[in-house]
Every structure is written in C-alpha cells, then in structure tokens.
Amino acid sequence: MKTWLLLGLGVLVRLAIGFHPYSGAGKPPMYGDYEAQRHWMEITTKLPAREWYTETKSNNLSYWGLDYPPLSAYQSWLYGKAIERCEPAALALSDSHGYETSSSKHLMRLSVLASDIIVLFPALLACRSAFYGKAPMAHRDWVLVGSLFQPAILLIDHGHFQYNSISLGLAAGAAAAIAGGRDILGSVLFCLAMNHKQMAVYYAPAFFAHLLGKCLARPTSKSVVADIAKLGLAVTATFAIMWAPFLGRTSDFLQVLHRIVPVRRGLYEDYVANFWCTTSLAIKWRSLFSQQALIRLCTVSTVLFAAPVLVKEVLRPTPRGLLVCMASSAFAFYLFSYQVHEKSILLPLMPVMLLGPDLPVTSRWLPAVAAFSMYPLLKKDGLALAYAALLMLWVALAWPGERMAGAQVLEAEKKKIPVGVHLAWDGLLGLLLKASGGLAAGMHAASCLMQAPEQYPYLFDAMMTSLSFLHFLAVAVHLQWEHLRHKWPTVH
Ligand SMILES: *[C@@H]1O[C@H](CO)[C@@H](O)[C@H](O)[C@H]1NC(C)=O
C-alpha cells in the first residue's frame, strides 16, 4: 500500500513539473533538447533506419542530427509512432521543425512519464529488494523516496526534457540483477543502458571490475574461463542485436559510430562543476595544452581517480560495493574526463541515492547540490520556479527522515568511535552543512538582487558551479574512503 502511494505521488509530481517550460521553448531557429527529441521522432518514423544517422536530402544533420546510440533511436521510433497517431502534424517530415502546440507538448511529456513508469520505477523496486531487502522499513522507504523525489533528475527529464531515466533505470536494473546473482541478465541490461545513452559508459569500469572479481572468485580455472566467456557472449549478442540495422555495410556502421562519439567538442560545455571548468578560472588549460595533450591529461586523471576503489572491487566484489564503484567511477568521469556536460551529474547521483541508507547525510545533501549545480541551465529554461518548489518538497521529504533512517547508522557508528570524537565530527558536519546551505542561499540572493559586473557576466554561474565542485569532490573522496575502509556485507 505504502509503495503504491509513493509511486502515485511520484507520478503526480512528475505531471506537475510538466506544466513548466522545457529547454528552448519558443526559441527559433534551433530551439533546444525538446525539439531534438521531437525531431528524432520525426526522422525515425519517416526515414528507413539506414538513413537515421546519415546526411541526406531529407535528413539535415546540422539540425539536431541523431547523436545517441541505436536504442535511443528505437525509443524515438516507438514514441513517434504513438504520437503520430494522435497528432500527425507534430512529426511531419521537414515541416514540423519547432512544432509546439500545447497538445503535442502534453503527449511528449507523457512519453517521459511512461518511460519512468515502465523502466525507472520497476528498477528502483528491484534495487530496493536486491540491496536492502532485509533492512528495516525506514531504510527501505528511503531508497524509494530518495530516488523518486530527488530534484535533479525530475528537473532534467520532466522539466528541461530528456529521457535519462531510461538509461539510468536500465543501469539500476542491471545492478539489481547482478546483486541477485543474475550476472548474465545484468550484463544484458547494462549493455542496453549503454545503447540508450553513451554516457552510461561512466559506469562500465564498475560493472567490469565487479563481474571480473566475481568470475575470478570461482573455484576452478575452468569455471573462471567459462563464466567470462558467457558474459562476453551476452555482451556481444546484445550489441549485435542493437546494431543489426547498421551492420550490413562498414560505412553505415562507421557513420553511426562517428555520430555518437563526440570527437570535435571542447574540454567542457557551459559551466560544469568539474575540475577543469572550476580550475580554469585560475589556470587557462585550453591555452596551455593542445587538444590532444588535454585529452591525454583527462584520461590519465580519470583512471587514477577511479583506480583504488575498482581494484578493491576486483579483489572483494560485494553488491553494495558495486553501487559505490558505480558512483565513484561516474564521479571520476564527471570531475576529470574530457567533454563533460552539467547534466552528467545525474550519473554519480543515481547510485548514491540507491545507497541512501548507508549514506544518510550524503544522500540528503547531494541531490540538492546537484540541482543547484545545474541552476544556470535551469534558469535559462525558465525552470527557476519548478526548481524552488522541488527543493522545498525535497527538504520536507528528506529531513524528517534523517532522524528515523539515519538514527540506526549513527548508533552503529557511535559504538565503533569514541563518543567525544563522534560528537566533534557531528558538530563539524553540522557546521559545514550550514555553511554550504548559507553560501548557496547567498549566491541565489546575490544573483537575484545584483547585476554581475560587466567584465564578468557569468560571475554568479561560475561561483555556483565552483561551490558545487567542492561538494562533489568531497563526496567523491568520502565514497572512496568508505569503500576502502568498509567491509560491505557480501550478501544483502
Ligand atoms: C541545415 O540546418 C542548419 C541549421 O538549422 C541550417 O543552417 C542549414 O541551412 C540547413 N541546411 C539545409 C541544406 O537545409
């Protein structure tokens, strides 16, 4: 009963955000992400699959050319077919660019809601029982409440307009399957996640390390080889099926690959709360290094940052360890890799929310900071009101729970640590949280009340992402520390 109530409330909140604007609303000639998704439905329903990723007379790739992997294209086709039945004009080839009626907006919004209900909700329920099946009720509830109502993904999927919950849901489902011992199903689901959005590759080192560790722990070398072969086969078969329409000719295959690998983009886009963008205020990376050297620098720092937790996971794979590794590896990519988008913070955030009962403070603070880090984007989309409302809802849902769900964890911690140290740490943490909230509120107030100085028009944006960066770095380091120090339970 309670679960249905929570899911129902989740649907209601999602519907309510849908009445707010989306990215690029009423902004010709290019509009925004909403138009990109609508255009992909137009292309996939009107042209044969071989032409989806190719420049042709009726497919102008300079106008929101498809740059997500095939499963995204199939999803566009499926939703496109449904929307076409209700409102054919919304997807007319070439004539529908910038088509924005209120009825078509509702249809598009409903397709995002449907994705949540079909993919994300079941995945969250599966994760709740796979990772915290025997945990106290308050902990089990927090997994669901935290993941359903964290403001960052709500604002991006249901406000800004994207379908992140499909690839994130598939990745969560994969983790749940693997935690439940169904490694092959998990590998297939994770491959589907990567085939929906290439960004899911942020999790790939975690899945690789966990599954490799599990295979290596088999008793005989024969069973080690057999298990690795089975997983390899599952991965290859999933990719082959997903890519089937583009495997007929080498040129088709290379064209799709070329479209989905962002080769010619820069170090970062707009304001991202990562290492490169934040430090670029002091160090001009882009004039110091060539693009090739920067790509190498990014790759090395990403690998080095993620390596310690991954090595531990290979040596001692555990279900919760997999989630920590997913978060750590996604943080490594977000903070240090090349070409990062502000929305990519959703990737480290998802596994942190699933680990909510083990991270009572982080799982309450991080979603708010993640939404805050995207504020410059959200403001541009006209989503400032939805942002404020969702943050208030988040505070209302998350804070009373802290006492209930956090109490047991704190108790357990108290037993291991001398009380004096514990109280000092608690006091320090409280102080830090107040400082963080105060600074964030101050920045919001300043950006509302004051004009940015003329020579630094993006001063407030840069301040907001820099503050967020400090939080993200602290959480990423904290996760690594927890993972290296903890012996997570081998079963849930
Ligand atoms: C393709 O789209 C771009 C961006 O909207 C536009 O500038 C260009 O003129 C278009 N090319 C053709 C051939 O229609």
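**Figure 1. Cysteines in the predicted model.** The structure holds zero disulfides, a disulfide being a pair of cysteine sulfur atoms within 2.5 Å. C325 takes part in none, and the nearest cysteine sulfur, that of C127, is 15 Å away. C325 is buried at 0% relative accessibility, whereas C86 is exposed with a relative accessible area of 55%; buried means under 20% relative accessible area, exposed over 50% and partly exposed in between (1.4 Å probe, protein chains only). The model is predicted, and local features need pLDDT of at least 70, side-chain atom pairs count only at pLDDT 80 or more, and totals for chains, interfaces and linings use all residues. Residues are numbered from 1 along each chain as its sequence is written, and side-chain values use heavy atoms, with hydrogens and water left out.

**Figure 2. Packing of helix α15 against helix α21.** Helix α15 (residues 319-336) packs on helix α21 (residues 459-485) at an angle of about 145°, and their axes are 10 Å apart. Axes are lines fitted to C-alpha atoms, for helices over the stretch in contact, and angles run from 0 to 180 degrees between N-to-C directions. Helices are DSSP runs (H or I, at least four residues) numbered from the N terminus. On the α15 side the contact includes C325, F331 and L335, and on the α21 side it includes F472 and L479; contact means heavy atoms within 4.5 Å. By class, this contact has twelve nonpolar, four polar and no charged residues. Ala, Val, Leu, Ile, Met, Phe, Trp, Tyr, Cys and Pro count as nonpolar, Asp, Glu, Lys and Arg as charged, and the others, Gly among them, as polar.

**Figure 3. Surroundings of M326 in the largest nonpolar core.** This core has 141 residues, and those touching the most other members are F190, Y203, F207, M326, F331, L335 and F472. Such a core is a set of buried Ala, Val, Leu, Ile, Met, Phe, Trp, Tyr and Cys residues joined through side-chain atoms within 4.5 Å. Not counting residues up to four places away in sequence, M326 touches A171, A175, Y203, A206, F207, M350 and P351.

**Figure 4. Packing of helix α6 against helix α17.** Helix α6 (residues 151-161) and helix α17 (residues 362-373) pack at an angle of about 35°, with axes 7 Å apart. P151, A152 and L155 of α6 meet P367, A370 and A371 of α17. The contact comprises six nonpolar, no polar and no charged residues.

Figure 5. Leaving aside neighbours within four places in sequence, D183 is in contact with I178, L211, K214, R218 and L231.

Definitions and conventions
Helices (H or I, at least four residues) and strands (E, at least two) are DSSP runs, numbered from the N terminus.
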